[in-house]
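Welcome! Take a moment to look over the chain before we walk through it together.

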Amino acid sequence: MTTAAQKRTTTRSVALDAAQRRALRNLRLQRAGVYALAILIAVWILLPIWLIATMAFSTQADVYAYPKQIIPVPFTTATMDFFLNYAGILDATLNSVLVALITLVLSTAIAVPAGYAISRYIFPGRNSYRLIILAVRAFPIVILAVPLAVAFLQWGMFDKVYSVALMHTALTLPTTILVVSSVFASVPVEFEEAARVFGASPARAFVRVVFPLVLPGIAASAIFTFVMSWNEVFAATLLTVRNRTLPALILYTLNKSSLQFQYAGGFFMLVPSMIFIFFIRRYLFNMWGQITK
């Protein structure tokens with residue numbers, strides 16, 4: 001009996017060890033699959049950026065050569081100089097920066113109180129209001145841009161930097177409001193109530209308690225607003241003629257420009273967005289529950 005029991009125990013132990021090994025092997029395979037997918041996505045995103053950056057600092061002969069080189073050898077700024085010396089590039093860049101900053105300020109200034117009201121107060125039609133906001137964002141840009149172009153012509157606002165900023169604000173505001181309202185909803189209302197119990201006014205409770213907690217979310221929405229305004233091209237092309245933004249000017253000259261201009265223009269448009277996100281990435285990580293220095 002003892003020998004039979006020992007055999008059964010040994011058999012169960014062997015089966016358990018085999019099951020554990022299979023589970024560990026499956027876990028490793030799943031983890032390897034996730035890593036492989038992440039690497040594939042990263043390569044898919046970074047490879048075009050690397051190609052554009054390489055060609056932007058290559059010689060004219062290397063730009064037209066095939067296959068494309070991986071590292072710009074010899075390294076030269078001739079391609080970027082060719083792009084920057086093109087007529088109107090610096091003025092268009094300044095227009096893009098001004099439009100993006102105005103859009104960021106307007107969108108954030110409107111979205112913060114709107115998002116706070118949606119997340120904190122119960123009023124008739126609140127859910128319908130959210131749906132209407134989202135529905136506006138679902139409209140094609142042409143539906144908003146064409147009537148606005150006609151209205152701006154009638155009001156004397158056509159071909160102005162601030163008119164493009166107003167259009168970009170209309171495009172980014174719905175998503176910004178929804179993001180900010182979700183961030184406010186993640187902060188327990190008990191924090192504000194506790195601050196008011198200890199004598200803080202509603203405004204002071206918001207500024208000292210709630211606002212620091214929602215700042216990462218507001219920063220994330222600001223990133224979205226800035227990048228979307230910087231990259232938007234259709235409305236900027238339709239609403240401007242002389243005061244074009246950088247994407248609108250590049251699109252306008254794309255069919256008659258050289259490869260040097262196209263690669264340098266693509267790299268020049270990438271740099272501000274990447275720098276802006278780099279400096280504000282800590283707010284994104286904090287919003288996602290990570291800490292970075």
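Which helices each supply at least two residues of the lining of the largest pocket? They are α4 (89-120) and α8 (189-197), where helices are DSSP runs of H or I with at least four residues, numbered from the N terminus. Please keep in mind that this is a predicted model, in which local features need pLDDT of at least 70, side-chain atom pairs count only at pLDDT 80 or more, and totals for chains, interfaces and linings use all residues. Residues are numbered from 1 along each chain as its sequence is written, and side-chain values use heavy atoms, leaving out hydrogens and water.

Let us stay with the pocket. On a 1 Å grid over the protein atoms alone, a pocket is an open set of points where a 1.4 Å probe fits, with protein on both sides within 12 Å along at least five of seven lines; lining residues have an atom within 4 Å of a point. The largest pocket holds about 180 Å³ of space, a volume being the space filled by probe spheres set on the grid points. Four residues, the largest share of its lining, come from α8. Around the pocket you will find Tyr 116, Arg 120, Tyr 121, Val 189, Glu 192, Glu 193, Arg 196 and Pro 202. The lining has four nonpolar residues, four charged and no polar ones, with Tyr, Val and Pro among the types counted as nonpolar and Arg and Glu among the charged.

Now step back to the whole chain. Its secondary structure consists of 12 helices and zero strands. Of the 293 residues, 35% are buried, meaning under 20% relative accessible area with a 1.4 Å probe, protein chains only.

Definitions and conventions. Buried < 20%, exposed > 50% of the residue type's maximum accessible area, 1.4 Å probe, protein only.
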